[in-house]
Amino acid sequence: MDTTHGAQAPAAHDEGHASVQTYLRVAVVLAILTAIEIGALYVPGMPNHLLVVLILIFGTLKFALVVAFFMHLRYDNKLLTVLFVGPLFIATAIILAIMALFSAFLLLHRG
Amino acid sequence: MAAEHAAAAHNPNIGITGLDHRKMGMWAFLGSECMFFGSLIGTYLAYKGKSISGPGPHQILNIPLTSVSAFVLLMSSLLMVLALAAVQRNDMKWGKIWLFMTAVLGAGFVGFQIFEFTHFVHLGLTLQTNLFGSTFFVLTGFHGAHVTGGVIWLLAMWWLAVRGRLDSRDTLKVEICGLYWHFVDIVWIVIFALIYLIP
């Protein structure tokens, strides 16, 4: 079924993963961040700018936690981080460039 | 470096970097997927608030319902890493359970999305209605298609495990499937924040 059965050198494809306890802790943190993120929508009188900044920060934190721990980039070869984070920066630049082209800003209004 | 060359000599899947080609390929693919979804998200945000007719997002999006489905997908990522950990220690009983449960949560997410799409069509929002409809359905529809593909992949891994054709020697296969699964989860984290939560 697979010619590589028994042939994968442990160091060849990964340098160790997190423990199950770490996975569970990360999941609890993700659940708390999600609850705060959604709860912020229902806080009366919350300024719009603050809400947008909070949602962006919590979203980024959740993204980073999943990538670092669940996808093991924190423990894996740095080349894999470059392979993913490089295009991620380009994707972010694409989003910002398209928004700027259409004067569509999350925090600013067209002057 | 000598050890890496030795590993490469014994295993055709290990290159001179010492990394498995299949895993590197998956990360490169996920990098390209970032740009794919980046384009769709950028287009959605560019056209946000520019529809000349309704319904608009504030009239139609159901945040409590989508919060539940977002949480379901987030927790499926936990089950995926538990499946990987079980396969790594050759505990195939739990490996099978977690793989299947991950697929069930993924299917649940797709179910939520089908319900949401159907409900929106009944409320008068289709792909052709306005800019919001076209950008929303294309972005979330492509994500849903990715989740559906992931569910099929997970069920295939589970079926291999049930047939006794998946064990700790196949850890990398489960890990690569997991990378894809976590990616659809992080894309939803971004979509959920930018489309549903930001006013």
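The structure is a predicted model, in which local features need pLDDT of at least 70 and side-chain atom pairs count only at pLDDT 80 or more, whereas totals for chains, interfaces and linings use all residues. Residues are numbered from 1 along each chain as its sequence is written, chains are lettered from A in the order in which they are written, and side-chain values use heavy atoms, with hydrogens and water left out.

On this basis, chain B exposes about 7,900 Å², of which carbon and sulfur atoms supply 70%. Chain B contains seven helices and zero strands, where helices (H or I, at least four residues) and strands (E, at least two) are DSSP runs numbered from the N terminus; the order along the sequence is accordingly α-α-α-α-α-α-α. The C-alpha atoms of chain B fill a box of roughly 65 × 35 × 25 Å along the principal axes. Of the 199 residues of chain B, 54% are buried, a term that stands for under 20% relative accessible area, with exposed meaning over 50% and partly exposed in between (1.4 Å probe, protein chains only). Among contacts (heavy atoms within 4.5 Å) in chain B between residues at least 6 apart in sequence, 76% join residues at least 24 apart.

Between the two chains, 55 residues of chain A are in contact with 59 residues of chain B. The area buried between chain A and chain B, that is, the accessible area (1.4 Å probe) that two parts lose on being put together, summed over both, is about 4,900 Å², and carbon and sulfur atoms give 76% of this area. One salt bridge is counted between chain A and chain B, the criterion being a side-chain nitrogen of Lys or Arg within 4 Å of a carboxyl oxygen of Asp or Glu. This salt bridge pairs the side chains of D76(A) and K23(B) at 2.8 Å, N to O.

Over all chains, the structure holds seven salt bridges. Within chain B, D20(B) and R22(B) are joined at 2.8 Å, N to O; D20(B) is buried at 0% relative accessibility, while R22(B) is partly exposed at 27%. D167(B) likewise forms a salt bridge with R169(B), with the closest N and O atoms 2.8 Å apart, and here D167(B) is buried at 18% relative accessibility, whereas R169(B) is partly exposed at 42%. Salt bridges that share partners also join D76(A), K23(B) and E175(B) into one network.

A further salt bridge links R89(B) to D91(B), the closest N and O atoms being 3.5 Å apart; R89(B) is partly exposed at 48% relative accessibility, as is D91(B) at 22%. N90(B) lies in the loop between α4 (63–88) and α5 (92–122) of chain B, and has a positive phi of about 60° although it is not a glycine; N90(B) is partly exposed, with a relative accessible area of 41%. In chain A, H72(A) also has a positive phi, of about 65°, without being a glycine. The place of H72(A) is in the loop between α3 (48–70) and α4 (78–101) of chain A, and H72(A) is buried at 1% relative accessibility. Finally, the peptide bond from G54(B) to P55(B) is cis, with omega near 0°, and P55(B) is placed in the loop between α2 (21–47) and α3 (57–60) of chain B.

Note on methods: Accessible areas come from the Shrake-Rupley method with a 1.4 Å probe; for residues, only the protein chains shown count as cover.
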